[in-house]
Amino acid sequence: MKNYFKIITSIIFLILSSNCFSDENLNYKIYKNLRCLVCQGQTIADSNSDFAMTIKSVVDDKVKDGMKENEIYNFLADKYGDWILYKPPFKLKNYILWFLPYILFFLGGILLLLIFLKKTPLSKK
Amino acid sequence: MLSKIGILSTLISTILSFLLVYQSFSEVKSKNNIISKKFYYLSFYQLLFIIFSFLILLFGYIFSDFSLINVYENSHTTKPLFYKITGTWGNHEGSLLLWINIMVLFSFLFLVYKKNTEKKFKLFTLIFQNILILFFLIFLLTNSNPFSEIYPAPSQGMGLNPILQDPALGIHPPLLYLGFVSSSIYFSAALASLICRLEANVFAKFIKLWVVISWSFQTLGILVGSIWAYYELGWGGYWFWDPVENSSLMPWFLMTALFHSLLVLEKKNGLYAWVLILSILTFIMSVTGTFLVRSGILNSVHTFANDPSRGLFILIFLAFMISMSLIILFKYFPNEKNNFLFLSKESFVLFNNWFMIFFLTVVLIGTLYPLFLEVLSKEKVSVGPAYYNIVLAPFIVPFLFLMSYGPQSKWFSSKLVDVKKMFFIILLSFSLVFIFANFEKDSSFITTLILVFSIYLILQSFLDLYTSIKNNSFNLSRSISHLGFGMLIFFISTNNILSTESNFNLKVGETKKLTNYSIKFNNLKILKEKNYETLVGNFLITDIKNYKEENLKPEIRVYNQPKIVTYESSIKSKILSDTYLTMSNLAGSEFYSIRFQTKPFMNLIWISVLIISAGGFLRILRRENK
């Protein structure tokens, strides 16, 4: 049985590894993290609007100038506001966004622990 | 004419709902144990008339009766028949009528299910369900009437948004509605059971079927929505963590937590209060999602139709529902002594709930935070896929492990499972990933772990399936759904790692050489269809390594009604990989902007979700046969 699984997964992975190549580069990665401000819920990468085209060429220029990914995000956020970034920047006003889930998960864990530690065995009833 | 019949039929249904509530209140006091026949009649006619209203609207769409504003605004005579039909629920008013239809349908089904048992509980459920129905009927009749007339009747309609003219989107809303609108029935049942102080396991037996039904349809609905997004929106993705997508996912998390908890309720009468809370929350979350979508306060690809007055109406209703639930919960909160052994099956159900609620809060915070921030500080922030990936990905790993381990544990016992076997399978999964996956980019530590543990879950689920078949136990639903989930995570991750994309400009006759493919722009044709004109590009894609050729024909369509330009992607879908091409024109140039993508395992992602929901449907059938 296990051998059978192994063969199937092996075949899948062989195909995987043979195809493993990407034409994607930094520019596309950046486009995908930017909101097209004139569209509804689209990224720069997905939009054909004039705005998206302009931003694409700005990004291309900045990448050519040797600017780092994060520097480009900061540059655009300064110009257009954080609204343009799909990854909310990690700063004071966004701390709730970034930390609250973990705090809640932790509290949930404590609650579970309390449930397990409570000792009133049902079997004695 | 149609307008008057439609309104009349809806009004009759409203009166019947009111009668049902009124009659139930007086019947509850009677000592008789059998629900009198009149309730079945009332409920049946209520269903009949509301279906009739829906058919009237459907009729209006099929025969393009533009004296109805709703038909005038959303249809057109040149639209193909299929889209005239699906257009019925492709707009706010029509979909609200469909919503009410489903609520009434489930009200009726619940009444006839397990006939002549627990009379008081059933009548109270009927009361709550019909209060909900009444509210939506009043909303429909006063604010969003699909039967409103326009005089004189225009000779032509305004047409349906072309991106909604799509087979997947035709069935997407009904499926999703069968999912989260049907959760109203266990919302009502939970409130009723609180008031009647129904026994825990009786309640579990009553609502399990409905929870599994809604969960299975919700899963399918989300799947069809993703498939639609994949080939219609033309960006090559299928999930963008868009607020509206999130609105369909949040009730799904709650439903999943709910039916896992129901197992504990059935087996050991535990978690009663929690199950009640989850039942109530699921429908509240569904209505909240609807509020976010219909009120238009969120910026999303889905904001096709919105109107603040609708939002206000739903918000008032939401406030009413929440306060009613809270009052009933506090007044009748059940006393129970829960006792959980660590590593017992029931403890794993708790772990499931822990993670589900965590996933829910992440999505909820991600969706709502921008709204709060904007109100409080006037600053706008976008929460996109990057946020969800960063926050959620690390938690997927332990979650996958628990999903594999949990089902093997025993009820009421903290005995460890066969640890040797477990380590062997995990080791096997590890070696598979390390031997065969030489991903060069993006294979971060967490991604690797996710791959390992999704393979572990897949292998373990297969083993579970094998043992249940060997033992002639046909309780396969759980293993099937877990298997589907393992596959889903595995294929999503590998798809994420292995997808490729190139953007470039081409003109007719030119060829673009990429590392593995060459793309030749053969020709360009203009075609005239019934309701649009289209520019079809013909591209020859050559797979250099495998000497394979295929033609892709992306389009740029100009629809006549309404005048909208859409970019249609061309996809060649194969079992292991899709090739995906979109083209768009560049103003004042003979060049076209081309986007070529290869997307491995797309079909397997869809199949994985189908397998997940298949587990649910199997459970429904098995219950029916019992």
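Reader: How many helices and strands does chain B have?
Author: The model is predicted, and its secondary structure in chain B includes both helices and strands. The count for chain B is 18 helices and 10 strands.

Reader: Why does chain B count as being as compact as a globular protein of its length?
Author: For 626 residues, the globule rule gives 25 Å. The radius of gyration of chain B is close to that value, so the chain is as compact as a globular protein of that length. Along the principal axes, its C-alpha atoms fill a box of roughly 85 × 80 × 55 Å.

Reader: What mean pLDDT does chain B have?
Author: In chain B, 96% of the residues reach a pLDDT of 70 or more. For the complex, the predictor gives an ipTM of 0.86 and a pTM of 0.91. The mean pLDDT of chain B is 89.

Reader: Which helix gives the largest share of the side of domain 3 of chain B that touches domain 4 of chain B?
Author: The domain assignment places domain 3 of chain B at 400–499 + 607–613 and domain 4 at 500–603. Their centres are 37 Å apart over C-alpha atoms, and six residues of domain 3 of chain B are in contact with nine residues of domain 4 of chain B. The domain 3 side divides into three nonpolar, three polar and no charged residues. Four residues of that side, the largest share, come from residues 477–498 of chain B, which form helix 17.

Reader: Is Pro174(B) buried, partly exposed or exposed?
Author: Pro174(B) belongs to helix 7 (residues 167–180) of chain B, and beyond four places in sequence it is in contact with Trp89(B) and Leu98(B). A residue is buried if 20 or more other C-beta atoms lie within 10 Å, and exposed if 12 or fewer do. Pro174(B) has 19 such atoms, so its class is partly exposed.

Reader: Is Arg197(B) buried or exposed?
Author: Arg197(B) lies in the loop between helix 8 (183–196) and helix 9 of chain B. Although Arg197(B) is not a glycine, its phi is positive, about 50°. Arg197(B) has 10 C-beta neighbours inside 10 Å and therefore counts as exposed.

Reader: What is the phi of Trp241(B)?
Author: Trp241(B) is in the loop between helix 9 and helix 10 (243–268) of chain B. With 19 C-beta neighbours inside 10 Å, Trp241(B) counts as partly exposed. Its phi is positive in a residue other than glycine, with a value near 55°.

Reader: What is the omega of the cis peptide bond that joins Tyr151(B) and Pro152(B)?
Author: Pro152(B) is found in the loop between helix 6 (119–142) and helix 7 of chain B. The peptide bond from Tyr151(B) to Pro152(B) is cis, with an omega of about -5°.

Terms used:
Residues numbered from 1 in each chain as written. Chains lettered and ligands numbered in written order. Predicted model: local features only at pLDDT ≥ 70, side-chain atom pairs only at ≥ 80, totals over all residues. Domains from an automatic or database assignment. Contact = placed C-beta atoms within 7 Å. Helix = DSSP H or I, 4+ residues; strand = E, 2+ residues; numbered from the N terminus. Nonpolar A, V, L, I, M, F, W, Y, C, P; charged D, E, K, R; others polar. pLDDT = per-residue confidence, 0-100. Rg over C-alpha atoms; globule rule 2.2 N^0.38 Å.
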